[in-house]
Amino acid sequence: MASLKPALRIPYKTVADVDIPTDVYLPTSLSKPCPVLIMIHGGAFMLGSASINNKDQISDCLERGWIVLAIEHRLCPGVDLLEGPMADVRDALAWAQDGGLAKALEGKWTGSMDRERIMVMGTSSGGHLALSTVRMLNMLTNFTLTLAGL
């Protein structure tokens, strides 16, 4: 799967005039609105990038008809965990939910996204960020984690 390349690399937020990007992988199956998976790389919060995400996992998600966002996040110790990586993942989720992703895809892709089915996953420290995001949403809203029906 080493040849798998993102369709787009676009910023989902800007901090202090620096764009924080996501690699966007788009499925070719477009028969219905596509769920979105936000994929967070590992690296002990201090290293790594979107490019180290497992390409086999990305390919599997694309075959299922999912949009995959392999996000970058700010790294510690240049920024603290709460105001850096955790805020970045939360903001990537909000960007996808609030129409930022849909707007970025306009004219670049003929499919549509399902804003009601946005998932977050990660490996190692990225897994911690994914679970922290879900926990934070549970505290702020009546968010429900659903694993079935995707």
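Contact here means heavy atoms within 4.5 Å, and the legends below describe close-up views of a predicted model.

**View 1. The chain as a whole, with its order of helices and strands.** The chain contains 4 helices and 5 strands, and these follow one another along the sequence in the pattern β-β-β-α-β-α-α-β-α. Of its 150 residues, 47% count as buried, while the chain exposes about 8,100 Å², of which carbon and sulfur atoms supply 55%. Among the contacts between residues at least 6 apart in sequence, 69% join residues at least 24 apart.

View 2. Ile-38 is found in strand E3, and with a relative accessibility of 0% it counts as buried. Leaving out residues up to four places away in sequence, Ile-38 touches Leu-69, Ile-71, Ala-92, Leu-93, Ile-118, Met-119, Val-120 and Met-121. The bridge partner of Ile-38 in E4 is Leu-69, and the two strands concerned, E3 and E4, run parallel and are joined by 5 bridges. The C-alpha atoms of Ile-38 and Val-89 are separated by 8.5 Å, although these residues stand 51 residues apart along the chain.

View 3. The 5 strands form an open sheet in the order E1-E2-E4-E3-E5, with mixed pairing. E1 and E5 stand at the edges, and because each has a single partner strand, one side of each is left without a neighbour in the sheet. Neighbouring strands of this sheet are turned against each other by 25 degrees on average, direction ignored. Helix H2 (82-97) lies across E1, E2, E3, E4 and E5, and runs at about 120 degrees to E1. Strands of a sheet pair through backbone hydrogen bonds, either parallel or antiparallel.

View 4. E1 and E2 form a hairpin with 2 residues between them, and Ala-16 in the turn has a positive phi of about 50 degrees. These two strands run antiparallel and are joined by 7 bridges; the bridge partner of Ile-10 in E2 is Thr-22. E2 is also joined to E4, by 4 bridges and again in antiparallel fashion, and here Thr-22 stands opposite Ile-71 in E4. E2 is mostly covered, with 6 of its 8 residues buried.

**View 5. The largest nonpolar core, with Ile-71 as one of its members.** The largest nonpolar core holds 29 residues, of which Val-24, Ile-67, Leu-69, Ile-71, Leu-101 and Leu-105 touch the most other members. At least two residues of this core are supplied by each of E1, E2, E3, E4, H2, helix H3 (100-105), E5 and helix H4 (125-140), and the largest share, 6 residues, comes from H2. Leaving aside neighbours within four places in sequence, Ile-71 is in contact with Tyr-12, Pro-21, Thr-22, Ile-38, Met-39, Ile-40, His-41, Ala-50, Val-89 and Ala-92. In soluble globular proteins, nonpolar side chains tend to be buried together.

**View 6. Leu-4, in the segment before strand E1.** Leu-4 lies in the segment before E1, a strand that spans residues 8-15. Not counting residues up to four places away in sequence, Leu-4 touches Tyr-25, Lys-55, Ile-58, Ser-59 and Leu-62.

**View 7. Two buried cysteines, Cys-34 and Cys-76.** Cys-34 is buried, since its relative accessible area is 1%, and Cys-76 is buried as well, with a relative accessible area of 13%; the cut-off that applies to both is under 20%. When disulfides are taken as pairs of cysteine sulfur atoms within 2.5 Å, the count comes to 0.

Note on methods:
Residues numbered from 1 in each chain as written. Predicted model: local features only at pLDDT ≥ 70, side-chain atom pairs only at ≥ 80, totals over all residues. Heavy atoms only, no water. Buried < 20%, exposed > 50% of the residue type's maximum accessible area, 1.4 Å probe, protein only. Areas by Shrake-Rupley, 256 points an atom, 1.4 Å probe, with all protein chains shown as cover. Core = buried A, V, L, I, M, F, W, Y, C linked by side-chain atoms within 4.5 Å. Pairing = 2+ DSSP bridges. Axes fitted to C-alpha atoms, helices over the stretch in contact; angles between N-to-C directions.
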